[in-house]
Amino acid sequence: MIGANELRKGITFEYDGDLYEVIDFQHVKPGKGPAFIRTKIRNVLNGSSKEVTINPNDKFKQIIVETKEMQYLYNDGSLNYFMDMNTYEQLPIEQELFEEASQFVKENEMAIIKFYSDRPFSVEAPNFVELEVTDTEPGFRGDTAQGASKPATVETGYTLNVPLFIEIGNVLKIDTRTGEYLSRV
């Protein structure tokens, strides 16, 4: 059993007879009345999401999910194909499961896939990735007094803010959990 106060992003638990994964959560302590937890949860099996308010004293059954690191191969238009590096089996996954991670994972790179009852329900990018800048405005010398930034697009199509000295062709280290620039490689 897991207490409502222990809910964090990515935790999978049973709620109202279905399996849910926490997408976002917020502990709220209003001026009047008891504290509560506002969460956004996604149904693991059908992908629907909803927002619920939970009492901090509630307890839930935590669900154990299997995770595998698999190599992203290609997209055929509607499905994305991943390969298990141990068995060399290919696994097709719908675009909606891969949507968020596709901003950071390029072909032949590794991704983390979560399974429940041998059915994939989530694809995550590694915590840190290195991607090449394909488009950005030129930086100007002397413009760095205030730590200014500019938008840059990387090879997967993701756009983020970077320091002014970053140029096209630079390889950036990006934190996929926040989507922020960390350093130039």
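How do the residues of the lining of the largest pocket divide into nonpolar, polar and charged? Keep that in mind as you open the model, and start with two notes. This is a predicted model, in which local features need pLDDT of at least 70 and side-chain atom pairs count only at pLDDT 80 or more, while totals for chains, interfaces and linings use all residues. Residues are numbered from 1 along each chain as its sequence is written, and side-chain values use heavy atoms, with hydrogens and water left out.

**Stop 1: the largest pocket**

Select Lys9, Glu100, Ser122, Val123 and Glu124: of the 21 residues lining the largest pocket, these lie nearest its centre. The lining divides into seven nonpolar, five polar and nine charged residues. (Ala, Val, Leu, Ile, Met, Phe, Trp, Tyr, Cys and Pro count as nonpolar, Asp, Glu, Lys and Arg as charged, and the others, Gly among them, as polar.) A pocket here is an open set of points on a 1 Å grid over the protein atoms alone, where a 1.4 Å probe fits, with protein on both sides within 12 Å along at least five of seven lines; lining residues have an atom within 4 Å of a point. About 780 Å³ of space lies in this one, a volume being the space filled by probe spheres set on the points. Now colour strand 3, helix 1 and strand 11 (119-124), the elements that give two or more residues to the lining. Helices (H or I, at least four residues) and strands (E, at least two) are DSSP runs, numbered from the N terminus.

**Stop 2: Ser122**

Zoom in on Ser122, in strand 11. Ser122 counts as buried, at 6% relative accessibility. (Buried means under 20% relative accessible area, exposed over 50%, and partly exposed in between, with a 1.4 Å probe and protein chains only.) Leaving out residues up to four places away in sequence, Ser122 touches Glu21, Arg42, Ile112, Ile113 and Lys114; contact means heavy atoms within 4.5 Å.

**Stop 3: the salt bridges**

Next, show the charged side chains to look for the six salt bridges, each a side-chain nitrogen of Lys or Arg within 4 Å of a carboxyl oxygen of Asp or Glu. Glu21 and Lys114 meet in one of them (3.6 Å, N to O). This pair links strand 3 (residues 18-28) with strand 10 (residues 110-116), and its members are 93 residues apart. Both Glu21 and Lys114 are buried.

Move on to Glu155 and Lys106, whose side chains form a salt bridge at 3.3 Å, N to O. Glu155 lies in the loop between strands 13 and 14 and Lys106 in the loop between helix 1 and strand 10, so the bridge ties together parts that are 49 residues apart in sequence. Glu155 is partly exposed, at 38% relative accessible area, and Lys106 is partly exposed too, at 25%.

Then pick Arg177 and Asp175, a salt bridge at 3.1 Å, N to O. Arg177 counts as exposed at 51% relative accessibility, whereas Asp175 counts as buried at 9%. Finish this stop by selecting Glu21, Arg42, Lys114 and Glu124, which salt bridges with shared partners join into one network.

**Stop 4: the nonpolar core**

Select Phe82, Val123, Leu172 and Ile174, which touch the most other members of the 27-residue largest nonpolar core. Such a core is a set of buried Ala, Val, Leu, Ile, Met, Phe, Trp, Tyr and Cys residues joined through side-chain atoms within 4.5 Å. A second, separate core of 13 residues includes Ile2, Tyr20, Ile54 and Phe60.
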